[in-house]
Amino acid sequence: MLWEPDYLGPDYRMAELGLPPDDEGPCTATLVAHEPQEALPPAHVPADGSRTVRAVLYVHGWSDYFFQRATAEFFTARGVAFFALDLRKFGRSLRPWQTPGFITDLSEYDADISAAIDALTDALRHRHGADAVVLLSVMAHSAGALTAALWAARNPGTAQSLVLNGPWLDTQGSALLRSATQGLLETVSRFRPKARLRVPELGFYWRSISRSAEGEWDLEPFWRPETGFPLRAGWLAAILAGQAEVARGLSLPMPVLVLASSSSTIGTTWNEAMLESDSVLDVSVMVRRAVELGSCVTVCRFDGALHDVLLSRPPVRSRAYLQLGRWLDAYGFQDTEEHGS
C-alpha cells in the first residue's frame, strides 16, 4: 500500500484502498492518517511485555469527507493514533465516472471499513512492532454514524467503542409516513435506483459551517457542495432500510457515546438560530432512538451545537471535546465484555 502526502498538510498522509468494482467501474476508498512527527502516539507496554496501541477511525457523513484537523489533533494529543476514511464515491475517493455518494445497501460499506482497519493495523504494527495489539474506537457522523452502528452490529468485537456525532438513526415524521415512503421508494429504486428525488436543496447547514458563508471551515466545493449531492432513490431506500434495522434493535455490545445538539431548527427559510442548533435532523427523534442502541449508551447534548457538534462555535466544541475526553478515559478502549448486554 502506497502512502502519499495529503492536502491537509505535512502531518497528514493518505492511501488508496482498492475495492471490488461496481456497475459504474473501479471503486476505491481512501484512508487518511494524522502523523505529527514530533508526537507520534506511543505503544503501551504492560508488565507482560505485550504492546497495545489505541486508535480511532473516523467516518464522515453524507455529501462529506474528512477535513477536521482539530479532531485529529485532539486524538493524537491524547496518545490515540488517528485515521479517517473517505468512503467510496465521497471526497478523495470520488472519481469522475461515479455518481457521488451512490449506494443501494449500507452493508456494502463493510468492505471500505474492513479495508481501512486492515490498513491502519498494518501501519501501526509497522510503527510499533508486529506483535502490537490495536484497540480501536470508531467515530462517525450523521449518515456515517448510521453506517457505523450497523457495521458494529455485524462485526461485534472489532471495535472497543463507538462515538456517534449527530447520528441519522431515524427519519422525521410518523412511522406510518416512513412506511409509506419506503414502500414507494422500494418500487422506484428497484427499476430506477439512480432516479433523482425532487426535494428542496436549501444549503442552510453548509451556510452554518462554510467560511465562504457564516461558518469557519474551509470546504472543498467539489467534495462538499453547498446544497449537497443530489438524492437518489436507491440511496434513500438504503438509508431507510438501515434505519428500520436500527428500529428493530441492534443490541450493540460496546459502549456508545452520542454527541448531539440540545435543539433543532428545521425549516424552508433561513433562521439565525441555525447557527446554534441542528438544522438537519430532529435531535429529539435522534436521541430517543440512540438510547436503544445497546446496554451502555451515553448521550451528551450541547447548547448551541450544530448538526456536527465538533464544527460548532469554539466554546461549544471545547465543551464537546472535554466530554469526549472524559468518556474516552472511562469507556473508549475497555474490554467490550465488561459493558456488553
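All six of the six residues of strand E8 (256-261) are buried, so this strand is largely enclosed by the rest of the structure. Here, buried means under 20% relative accessible area, exposed over 50% and partly exposed in between, with a 1.4 Å probe and protein chains only. The model is predicted: local features need pLDDT of at least 70, side-chain atom pairs count only at pLDDT 80 or more, and totals for chains, interfaces and linings use all residues. Residues are numbered from 1 along each chain as its sequence is written, and side-chain values use heavy atoms, with hydrogens and water left out. Helices (H or I, at least four residues) and strands (E, at least two) are DSSP runs numbered from the N terminus.

In a regular strand the side chains alternate between the two faces of the sheet. Both faces of E8 are covered, with Val256, Val258 and Ala260 buried on one side and Leu257, Leu259 and Ser261 buried on the other. Strands count as paired if DSSP finds at least two bridges between them. Strand E7 (residues 161-165) pairs with E8 in the parallel sense over four bridges, and Asn165 has Leu259 of E8 as its bridge partner. E8 is also joined to strand E9 (residues 297-302), again running parallel, by six bridges; here Ala260 stands opposite Arg301.

Turning to the interior, a nonpolar core is a set of buried Ala, Val, Leu, Ile, Met, Phe, Trp, Tyr and Cys residues joined through side-chain atoms within 4.5 Å. The largest such core has 71 residues, and those with the most contacts inside it are Leu31, Leu57, Phe83, Leu120 and Leu252. Helix H2 (residues 109-128) gives the most to this core, with nine residues. A second, separate core of 29 residues includes Leu8, Val32, Ala84 and Trp327. Contact means heavy atoms within 4.5 Å. Neighbours within four places in sequence aside, the contacts of Phe83 include Trp3, Leu31, Val56, Leu57, Tyr58 and Leu120.

In helix H1 (residues 69-77), Thr71, Ala72, Phe74, Phe75 and Thr76 are buried; what covers them includes E2, strand E3 (25-34) and helix H8 (314-332). Just after H1, Gly79 takes a positive phi of about 80°. In helix H6 (residues 233-248), the buried residues include Trp235, Leu236, Ile239, Leu240 and Val246. Just after H6, Gly249 takes a positive phi of about 110°.

Rings of Phe, Tyr and Trp (its six-membered ring) pair if their centres lie within 6.5 Å; planes under 30 degrees apart count as stacked, over 60 as edge-to-face and the rest as tilted. By this rule the count comes to 15 aromatic pairs. The rings of Phe204 and Trp270 have centres 5.9 Å apart and planes at 65°, so this pair is edge-to-face. Phe204 lies in helix H5 (residues 204-209) and Trp270 in the loop between E8 and helix H7 (283-290), so the pair ties together parts that are 66 residues apart in sequence. Phe204 itself is buried, with a relative accessible area of 13%. Elsewhere, ring pairs link Tyr58, Phe66, Phe74, Phe75, Phe82 and Tyr321 into a cluster.

Conventions
Expected span 1.5 Å × (residues − 1).
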